[in-house]
2 protein chains.
Amino acid sequence: MCNDCGCGDPALVPVDVHERLLAGNDRVAAHNRAHFQDAGVLAINLMGSPGAGKTTLLEATARAFQGKTRLGAMSGDLATDRDGERLRLAGIPAKTVTTGTSCHLDATLVHDTLHDMAWQKSDIFFLENVGNLVCPAIYDLGQAANVVVLSVVEGEDKPLKYPVMFKDCDLVLINKVDLLPHLPQVSLQGFTDALSRVMPEPRWLAVSGWTGDGMDAWVAWLNARRPVRKVPRVSVKLA
Amino acid sequence: MCNDCGCGDPALVPVDVHERLLAGNDRVAAHNRAHFQDAGVLAINLMGSPGAGKTTLLEATARAFQGKTRLGAMSGDLATDRDGERLRLAGIPAKTVTTGTSCHLDATLVHDTLHDMAWQKSDIFFLENVGNLVCPAIYDLGQAANVVVLSVVEGEDKPLKYPVMFKDCDLVLINKVDLLPHLPQVSLQGFTDALSRVMPEPRWLAVSGWTGDGMDAWVAWLNARRPVRKVPRVSVKLA
């Protein structure tokens, strides 16, 4: 049984219960956001379908930063520690959040997991969400930016068919572009046309986690958003 | 706001509300199932990630049946009539069920949509679910069988990471196998190994909606499950 979907017959779940749930989530998200901001950590909510390439992209991100920026992550999954393990092998301190039957991360899950991690040591912290193009979009986690990974193999129509995910996101990473030559039915233009019909200001980068294509632009996008870290004053004793 | 996810803080949604919701869904699903069985229609709940290739596979299924079997469908999507339109163009009478922000079909949505369709004229009726590898698995719609479409581009680990979807399904269509030569990181064996770790009795077919590979086996699988249609007795007047 899904712990999260309280639907089926809307008459059975009063609207105020939904509102209370989302309001409760928003309160915890605001708390998480204050933590990230105070620590000068850029928090990114990374979303996308199952198999869109979120973990591979984070592995490529670690390679692209070449150890010059401290990355951290938590990875939401119904089962297995596989993604967390891959991230740690890639040099990203990471924890897995096992959601069981839940189809998204929420602010409380994130908050509780942060308490088990030295996330303050990161410059950029990724909240890798459960693979799902629907519900993760409505749960604020306290991130500074929402980034959606969309694999070209999913088809050009996904932004139109899942508009909630795309309309408010800050960046779309059009991933697996190395496969475009083998997909005569789609083109990069087709994806950007679809995004421009859903996103008020289409913002996208063409990337490939496998080949590393587009990683420089992605790193530059992240660096441009890093908050100024409040450096604690240190009294230096002059010799 | 999602009409379906009543979560975030489990303390706010009593367990009995969830149980009532699913029990309510199950009652309507049983009603749908009785309708399908009485009419001798094979109902298939077709699930999979966004972009797994569900609609393309149904288009290929229509071609493979060559008009010899009457197909019908309803297609669940958050927005657009795109899939329904594609299915009708492929010769499958189809209706779109627009779910708005809901991440799955439920038995009531299916029931209400059936009332608007001549579904009884189908031999096989497909319930093409919303693209999602989590929640559709827990909502019975009244189908005779659950079929999951898994694209090879999603990666071999998906059965392990989304076990609820795979453990109880009747068949997995491993789709887009035409792309395997371009994906050195995965193999058909890798997928079937992962399925055998999750499904008590692994049942799968390797297919490609684009090339038509594996369609004969899929058509045979469907035909083997078609119920015997109760032929109404007709009194024939002998000359």
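Me: Hi! Before we start, what kind of model is this?
Reply: Hello! This is a predicted model, so please read everything below as computed from it.

Me: Great. Let's take chain B. What order do the strands of the open sheet have?
Reply: In chain B the order is β3-β2-β4-β1-β5-β6-β7, an open sheet of 7 strands with parallel pairing.

Me: Which strands stand at the edges there?
Reply: Those are β3 (94-98) and β7 (204-206) of chain B. Each has a single partner strand, so one side of each is left without a neighbour in the sheet.

Me: And by how much are neighbouring strands turned against each other?
Reply: By 20° on average, with direction ignored.

Me: Let's zoom in on β4(B). Which strands do bridges join to β4(B)?
Reply: Strand β1 of chain B, residues 42-48, is joined to β4(B) by 5 bridges. Strand β2 of chain B, residues 71-77, is joined to β4(B) by 5 bridges too. Both pairings run parallel.

Me: Is β4(B) covered or left open?
Reply: Mostly covered: 5 of the 5 residues in β4(B), which spans 124-128, are buried.

Me: Which residues sit on which side?
Reply: I124(B), F126(B) and E128(B) are on one side, with F125(B) and L127(B) on the other. Both faces of β4(B) are covered, and these residues are all buried.

Me: Moving along the sheet, how do β5(B) and β6(B) pair?
Reply: They pair in the parallel sense over 5 bridges, with β5(B) covering residues 145-151 and β6(B) residues 171-175. Within that pair, S151(B) stands opposite N175(B).

Me: Which strands does helix α8(B) lie across?
Reply: Helix α8(B), residues 215-225, lies across β1, β4, β5, β6 and β7 of chain B. Relative to β7(B), α8(B) runs at about 150°.

Me: Switching to α2(B). How does its span agree with what 12 residues should give?
Reply: At 1.5 Å a residue, the 12 residues of α2(B), 54-65, should span 16 Å, and the end C-alpha atoms are 16 Å apart, so the two agree.

Me: Which residues of α2(B) are buried?
Reply: They are K54(B), T55(B), T56(B), L57(B), L58(B), E59(B), A60(B) and T61(B).

Me: What comes just after α2(B)?
Reply: Q66(B), with a positive phi of about 50°.

Me: Back to the helix, how do the axes of α2(B) and α3(B) cross?
Reply: At roughly 10°, and the axes come within 9 Å; α3(B) is residues 82-89. The two helices are therefore roughly parallel to each other, and their crossing is right-handed.

Me: Which residues make the contact?
Reply: T55(B), L58(B) and E59(B) come from α2(B), and D83(B), R86(B) and L87(B) from α3(B).

Me: Last topic, chain A. What's the strand order there?
Reply: The open sheet of chain A has 7 strands in the order β3-β2-β4-β1-β5-β6-β7, with parallel pairing. Its edge strands are β3 (94-98) and β7 (204-206), each pairing on one side only.

Me: How many bridges join β2(A) to β3(A)?
Reply: 5 bridges, and the strands run parallel. In that pair, G76(A) stands opposite V97(A).

Me: Where does helix α4(A) lie?
Reply: Helix α4(A), residues 107-114, lies across β2, β3 and β4 of chain A, at about 140° to β3(A).

Terms used. Residues are numbered from 1 along each chain as its sequence is written. Chains are lettered from A and ligands numbered from 1 in the order in which they are written. This is a predicted model: local features need pLDDT of at least 70, side-chain atom pairs count only at pLDDT 80 or more; totals for chains, interfaces and linings use all residues. A residue is buried if 20 or more other C-beta atoms lie within 10 Å of its own, exposed if 12 or fewer, and partly exposed in between; C-beta atoms are placed from the backbone. Helices (H or I, at least four residues) and strands (E, at least two) are DSSP runs, numbered from the N terminus. Two strands pair if DSSP finds at least two bridges between them. The expected span of a helix is 1.5 Å times one less than its number of residues. Axes are lines fitted to C-alpha atoms, for helices over the stretch in contact, and angles run from 0 to 180 degrees between N-to-C directions. Two residues are in contact if their C-beta atoms, placed from the backbone, lie within 7 Å. Angles under 35 degrees count as roughly parallel, over 145 as roughly antiparallel, 65 to 115 as roughly perpendicular and the rest as oblique. A crossing is left-handed if the near helix is turned anticlockwise from the far one by less than a right angle, and right-handed if clockwise.
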